[in-house]
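Hi everyone, thanks for making the time. Let me put the chain up on the screen, and then we can walk through it together.

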Amino acid sequence: MGIQFGSFDSICQTAALVICPLVGSDQGIEPSCYSRNVDIAGTLIFQPSTCFVHIVALLMTAIMIYHIRSKYTAVGRKEIVLFFYLYAIIELLAIFLDSNIIPTANASYPWFVAVYTGLIAATYCCLLINGFVGFQFAEDGTPLSLWLLRLVCAAVFGIAFFIAIATFKNFAGFKNTKVTGLWIVYILWPLICTVIYIVSQLLLVFRTLEDRWPIGDIVFGTAFFTIAQIMLFAFSAKICDAIKHYIDGVFFFTLCMLLSVMMVYKYWDSITREDLEFSVGSKAAVWEVKDPLLAGQDSDPYTEDTASNYHGTPGSLVGGVGGQQLYQQKAYGARGYPPSSERY
């Protein structure tokens, strides 16, 4: 039986998702095959291999965040780092949910899963909005851009959290046997956001960049994302049976999702590594250089000054290299670099 719109029956019978014990009935939906558990200090740990990938994902995300924060003038730096913060929180929470450190029978389990669901929806929303940062509808790094991103992500988180907890607890017209709303938030919404992000970045590359290498990052990221979905929803049970319950599709899903997130970072890094002016419609600011040493200098600033530097006049500050820098600042704006179209 294939995937049906608004139903988790076939999905949960194939893959051991964290929401499966809470939907379908009061007992949830049990997968046909899942990874075996291990006993550590008297505590049963489910999905140990998947938990290891979660830990690796946290470490890799910390490294990516460090490198993003170190690029102080990169376009969209503050916006994209929020995406990686949200992804890190998801991975941290997934360790406790996948491993059954928070038992499914515990009263707090539905609330943690609702938070997990809300974070997934907010993270994909953050990725979607980041796809439009390069078009400079609102200048990146400004309060308008940052608070718009934060408020929209918070609103999406709140909506997804409410739908999830209402479905798990059977109130406000939601029931765990009728999960269409939860299915849209958990399955359909991430797919929509990912497709829009990919299309927007392809348009950005083709319209504004002469370098086509970032397309490779997009292709690899899309491939990893697609493989992750196929491994989880199509082959999870077959993998589990073939490897005798040591790992299942959740392991490969988590691993491929980590690789796709890493390609998001690689793509962003590849389009912001030089003068960073890859955005659509960016306007260069013109600096007016005011220096008391230049006061009273009537000679042409671009003529070479042959006077002694020791006893010389202040003309040497604007001649030669200094004059060239002043010319670049007036011609190309604050950063003093020519746009990419002139450099290549």
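Of the 344 residues of this chain, 44% count as buried, where buried means under 20% relative accessible area, exposed means over 50%, and partly exposed lies in between, with a 1.4 Å probe and protein chains only. Before I go on, a word on the source: this is a predicted model, so local features need pLDDT of at least 70, side-chain atom pairs count only at pLDDT 80 or more, and totals for chains, interfaces and linings use all residues. Residues are numbered from 1 along each chain as its sequence is written, and side-chain values use heavy atoms, with hydrogens and water left out.

Now the overall layout. The chain has 11 helices and 2 strands; helices (H or I, at least four residues) and strands (E, at least two) are DSSP runs, numbered from the N terminus. Along the sequence, the pattern reads α-β-β-α-α-α-α-α-α-α-α-α-α. Contact here means heavy atoms within 4.5 Å. Taking the contacts in the chain with a separation of 6 or more, 69% are between residues 24 or more positions apart.

Let's look at some helix packing. Two packed helices are described by the angle between their axes and the distance between the axes. The axes are lines fitted to C-alpha atoms, for helices over the stretch in contact, and the angles run from 0 to 180 degrees between N-to-C directions.

Take helix α5 (residues 143–169) and helix α6 (residues 180–208): they pack at an angle of about 130°, and their axes are 8 Å apart. That makes α5 oblique to α6; for reference, angles under 35 degrees count as roughly parallel, over 145 as roughly antiparallel, 65 to 115 as roughly perpendicular, and the rest as oblique. The crossing of α5 and α6 is left-handed. By that I mean the near helix is turned anticlockwise from the far one by less than a right angle, with clockwise giving a right-handed crossing.

Which residues meet there? On the α5 side we have V156, A160, I163, A164, T167 and F168, and they meet G181, L182, V185 and W189 in α6. Sorted by class, this contact has 8 nonpolar, 2 polar and no charged residues. Ala, Val, Leu, Ile, Met, Phe, Trp, Tyr, Cys and Pro count as nonpolar, Asp, Glu, Lys and Arg as charged, and the others, Gly among them, as polar.

On to α5 and another partner, helix α4 (residues 109–130). α4 and α5 pack at an angle of about 150°, with their axes 7 Å apart, and the crossing is right-handed. The contact of α4 with α5 has 21 nonpolar, 3 polar and 1 charged residues.

Please stay with me in the loop between α5 and α6, where N176 sits. Is N176 buried or exposed? It counts as buried, at 7% relative accessibility. Leaving aside neighbours within four places in sequence, N176 is in contact with L22, V23, G24, S25, D26, T167 and N170. N170 is in the loop between α5 and α6 as well, and N170 has a positive phi of about 60° although it is not a glycine. N170 is partly exposed, with a relative accessible area of 36%.

Another positive phi, near 50°, belongs to Q47, again a residue other than glycine. Q47 is found in the loop between β2 (43–45) and α2, and Q47 is buried, at a relative accessible area of 6%.

Next, charges. Side chains of opposite charge can pair when their charged atoms come close. How many salt bridges does the structure hold? There are 2, a salt bridge being a side-chain nitrogen of Lys or Arg within 4 Å of a carboxyl oxygen of Asp or Glu.

One joins the side chains of D269 and K71, at 3.1 Å, N to O. This pair links distant parts of the chain, 198 residues apart: D269 is in helix α9 (residues 249–270), and K71 is in the loop between α2 (48–70) and α3 (77–98). D269 is partly exposed at 22% relative accessibility, while K71 is buried at 18%.

The side chains of K266 and D217 also meet in a salt bridge, at 4.0 Å, N to O. K266 lies in helix α9 and D217 in helix α7 (residues 214–233), so this pair ties together parts that are 49 residues apart in sequence. K266 is partly exposed, with a relative accessible area of 38%, and D217 is buried, with 10%.

Finally, V75, which is placed in the loop between α2 and α3. V75 is buried, with a relative accessible area of 6%. V75 and W268 are 193 residues apart in sequence and 9.2 Å apart in space, C-alpha to C-alpha.
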